[in-house]
Amino acid sequence: MSDEHRCVELTRSRHRIGQWLLLSFVLIWFFILILTPLIGIIKATFSQGIEAVKSSLATPASMHAFWLTLVITASAVVLNTLFGTILAVVLARQNFKGKLFLESLLDLPFAVSPIVAGFMFILLFGPRGWIGNWFSSLNIKIIYAFPGMLIATLFVTLPFVAREVLPVLREFGPEQEETASTLGASQWQTFWRVTLPSIKWGMAYGVTLTIARSIGEFGAVLVVSGSIINKTQTATLRIHDQFTDFNYAGAFSAALLLAAFSFFLLNIIQYIYKNKGSAST
Amino acid sequence: MSGIRVESVTKKFGDFVAVDDVSFAVEEGELVALLGPSGSGKSTILRIVAGLETQDHGHVYLTGEDVTSLSPQKRKIGFVFQHYALFKHMTVEKNIAFGLEIRKKNKTQIKKKIAELIDLVKLNGYEKHYPSQLSGGQRQRVALARALAPEPKVLLLDEPFGSLDAKVRKNLAKWIRHLHDRIRVTSIFVTHDQSEAMEIADKIIVVNRGRVEQIGNASEVYEHPKSKFVASFVGNVNVINGRTYLSHIAIEGTEGRISQKTEDIPEDHDIVLLVRPEEVVIEKKASKDSSIPAEIEEIHYRGSFYEVDLRIGANDIKSFVQKERYKSNPWTVGEHVFVLFTQFKVFEASEGHQAIHRMLKQLGYIE
Amino acid sequence: MKNNRATALAPSEMIPRSLSLFYIGFLIVLPIVAITAEAFKGGLLNLFHQITLPEGLYALKLTFFLALFLALINIVTGTATAWVLVRYSFPFKTFMNALIDIPFAIPTVVTGIMLVLLYGPNSPIGSFFEKQGIEIIFNKPGIILALLFVTFPFAVRSVQPVLMEMEKDMEEAAQTLGASRTTIFFRVILPTLLPSILTGAALSFSRALGEFGSIVIVAGNIPFKTQVASVYIYGEIESANIQSALGTAVVLLFSSFVVLFFLNILQKWSHKHER
């Protein structure tokens with residue numbers, strides 16, 4: 001290597017020190033913030049031995065809690081995918097007064113604290129609430145029962161599918177659908193055979209985000225459900241309950257199970273995100 | 001020696017040799033074009049001169065100084081990018097002032113210089129505009145003013161008209177020439193458009209596949225191309241297959257022959273004939289010289305001249321005919337005529353021939 | 001994509017539109033109207049009184065202060081992380097990039113538990129700090145940690161795509177004009193990144209204001225010490241003190257609107273110079 005090249009390398013290495021510093025800072029931050037908690041929970045759960053983990057997960061209360069989470073999540077996914085898609089189509093393809101306002105409302109659930117969200121629904125659907133009044137006279141329980149929990153979950157997960165599908169619809173434009181109708185397709189056929197395939201990755205991404213959020217939802221359902229064991233306790237509520245009862249083994253193992261599922265879900269999210277990105281070309 | 005000197009510069013990207021032992025010199029005050037097709041390495045060469053890329057071997061000298069190990073910041077160059085690279089969040093004024101503020105000039109000096117340059121590039125009234133409010137041509141002028149503000153020793157332009165449409169390109173190109181005549185800063189601009197290069201450059205450096213093919217002014221490069229590549233890249237050209245014989249050249253697929261010995265190519269070799277369209281003369285009757293029979297396939301009116309497509313044996317060629325000549329003796333489609341080449345170049349046919357053909361197709365010169 | 005057909009409203013358009021309006025109206029508009037109406041029912045003065053009750057007021061102040069502090073930290077760490085992910089290459093980079101989103105996927109209670117496990121008084125790290133006199137869990141540092149975890153993805157993912165799309169030639173142009181690397185960062189890169197950095201900060205702030213699940217586990221929830229607004233509201237609801245809960249809740253709600261509005265303006269600003 002001749003002199004000039006060494007010179008060029010030298011001027012570079014001055015920058016290298018700065019680069020190394022920054023990289024180390026970020027890596028250390030990442031390690032402390034993200035990696036160690038993950039490792040910590042794995043260790044702690046199994047420190048009680050795998051039998052303890054299994055037995056605490058197998059109790060009727062825990063099984064019910066996971067089951068309830070599953071049902072609420074599935075319902076929330078179905079409803080919010082349905083309405084979310086309809087919303088996205090309306091916002092992308094129709095034009096009417098107040099459309100912009102409607103669209104900005106979509107972001108609200110993200111900004112509102114889950115406690116406030118749960119609170120709002122108690123005020124609405126509680127036994128003496130605006131609407132709850134009427135329901136309680138019919139002896140239908142909404143708060144402290146499944147319907148209330150579902151509604152609260154619907155609120156916090158509402159934006160996901162809509163916000164993922166909307167930009168895809170906007171990018172594709174109505175031309176394809178218009179072409180389909182000139183070729184004789186009915187509205188339904190057009191939707192099913194033209195619109196739906198084009199939004200499927202955006203939809204999938206929105207659905208996985210909905211699942212993740214719904215499983216993890218805590219504050220809103222806590223307020224709205226009363227956290228009654230074996231009746232209105234979801235997985236997250238169960239973890240909280242066990243923790244405050246000093247039943248650490250139970251809390252940790254349920255937490256680990258949820259964390260493991262989240263990991264799994266995260267991988268799916270990443271995979272779908274990549275496909276979503278390449279599909280929109 | 002002042003000006004720009006590039007000595008034996010080589011640059012590889014992995015296994016791909018982008019720049020292969022390139023050397024050239026630009027005199028002080030010259031405006032030189034680095035001309036070549038895409039992928040020829042011309043932009044890489046320019047960026048090496050600027051310091052934005054580092055070469056693997058070789059040296060770069062700017063006004064006599066060896067800048068090979070200097071960063072771009074220290075080379076005192078002005079660089080204009082193909083997509084302008086204007087600072088989007090700054091006004092036209094602030095863009096132009098940037099280089100001066102770095103050099104810590106005082107406010108009055110900066111104001112004066114900005115006013116000078118705005119006037120020079122004729123953007124009076126646009127000082128407080130943002131790039132997003134300007135047209136492509138205006139943005140390019142701001143980029144130029146910005147590059148010139150710190151009074152660089154050398155001005156480098158990377159396909160400066162690449163993103164503009166045809167009319168704007170022509171005007172801007174001419175305007176750069178005028179600007180250069182006023183300011184006289186040593187400049188290199190990179191382009192793939194040979195008509196542009198021929199129009200405004202003092203000197204043209206033709207580059208292909210990382211190598212310098214020829215250096216000369218417009219007429220040298222056009223009239224006396226040193227290689228097949230240069231002949232076909234600079235200007236329009238017809239490519240005709242033929243074969244050398246003892247005392248003549250035969251054209252593939254016809255009886256026609258050109259009574260001329262080829263100096264440096266032995267007989268009985270496959271060759272290509274490169275003839276410019278304006279060097280193809282069409283006659284109704286055969287003469288001693290024009291002994292190549294041809295058939296007229298299409299006649300196109302081009303406004304200031306006629307473009308005639310002919311078929312010679314297995315070859316399709318074009319001829320440019322002056323309006324008066326055509327009108328005095330018009331031909332018809334399908335007519336059998338004879339052609340005479342006033343000038344032509346002969347090169348050996350080799351796999352390079354295929355490459356030329358491909359390139360001409362790509363550039364739209366042939367179907 | 002505007003559908004400019006000025007024909008009469010077909011049922012195929014009207015039904016989805018009504019469904020959407022109904023869904024949003026029922027799930028979003030109605031609840032917000034309800035809580036706002038209930039809060040103002042007792043009059044403006046009463047509302048002010050409820051909001052400024054000592055315990056609730058402290059909780060609000062603590063929440064805002066912590067959220068702001070956190071947003072500022074995230075501005076630095078989020079940008080630095082995005083920078084490293086976009087501009088550098090190092091082993092396990094893809095692995096790290098994927099893990100950035102973990103806080104989005106993990107339930108907040110689980111986060112709280114992880115942090116207690118790691119930094120609680122019975123853990124090696126926690127007990128070490130306690131000997132130095134620093135309490136992490138059940139005190140403010142623990143809350144900050146929890147908030148940092150749950151808001152980290154916002155800070156990084158707001159900046160990352162903008163950084164990736166930034167055209168390199170602006171930086172090269174600045175180089176040819178003589179600018180040093182620091183100058184380039186502060187005068188060329190940072191201004192371009194600013195809207196997205198602020199967006200990440202605003203999203204972090206908003207999330208931190210409302211965060212509940214992780215904090216309720218990690219903070220100890222001691223009034224006038226580590227009780228944040230969301231936990232306070234929860235406590236008041238459980239104790240059937242609806243009025244005081246309403247007051248503080250409405251403050252949080254109103255802050256959410258302000259942040260959303262601010263985010264909207266940021267969006268417009270970031271597109272101002274695009275073309």
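Over which residues of chain A does pLDDT stay under 50? Residues are numbered from 1 along each chain as its sequence is written, while chains are lettered from A and ligands numbered from 1 in the order in which they are written.

The stretch in question is residues 1-11 of chain A. Here pLDDT, the predictor's confidence in each residue on a scale from 0 to 100, remains under 50. The model has 7 contacts beyond four places in sequence for these residues, a contact being two residues whose C-beta atoms, placed from the backbone, lie within 7 Å. Where pLDDT is low, the predicted coordinates should not be read in detail. For chain A the mean pLDDT is 83, and 92% of the residues reach 70 or more.

Let me turn to the architecture of chain A. Its secondary structure consists of 13 helices and 0 strands; helices (H or I, at least four residues) and strands (E, at least two) are DSSP runs, numbered from the N terminus. The radius of gyration of chain A is 25 Å, well over the 19 Å that the globule rule gives for 281 residues, so the chain is more spread out than a compact globule. That radius is taken over C-alpha atoms, and the rule is 2.2 Å times the number of residues to the power 0.38. Along the principal axes, the C-alpha atoms of chain A fill a box of roughly 90 × 65 × 30 Å. Of its 281 residues, 44% count as buried. A residue is buried if 20 or more other C-beta atoms lie within 10 Å of its own, exposed if 12 or fewer, and partly exposed in between, with C-beta atoms placed from the backbone. Among contacts in chain A between residues at least 6 apart in sequence, 76% join residues at least 24 apart.

I now move to chain B. It is divided into domain 1 (2-229) and domain 2 (236-362), with bounds that come from an automatic or database domain assignment. The C-alpha centres of the two domains lie 38 Å apart. Their contact takes 4 residues from domain 1 of chain B and 5 residues from domain 2 of chain B.

Next, an open sheet in chain B. Four strands form it in the order β2-β1-β4-β5, with antiparallel pairing; two strands pair if DSSP finds at least two bridges between them. Strands β2 (16-26) and β5 (65-66) of chain B stand at the edges, each with a single partner strand, so one side of each is left without a neighbour in the sheet. Strand β4 (residues 57-62) of chain B pairs with β5(B) over 2 bridges, and Leu62(B) stands opposite Glu65(B).

Finally, a hairpin. In chain B, β16(B) and β17(B) run antiparallel and are joined by 6 bridges, with His300(B) partnered by Glu307(B). The hairpin has 3 residues between its strands, and Gly303(B) in the turn has a positive phi of about 95°. β16(B) also pairs in the antiparallel sense with β19 (residues 336-341) of chain B, over 4 bridges; there, Glu295(B) has His336(B) as its bridge partner.

Notes. This is a predicted model: local features need pLDDT of at least 70, side-chain atom pairs count only at pLDDT 80 or more; totals for chains, interfaces and linings use all residues.
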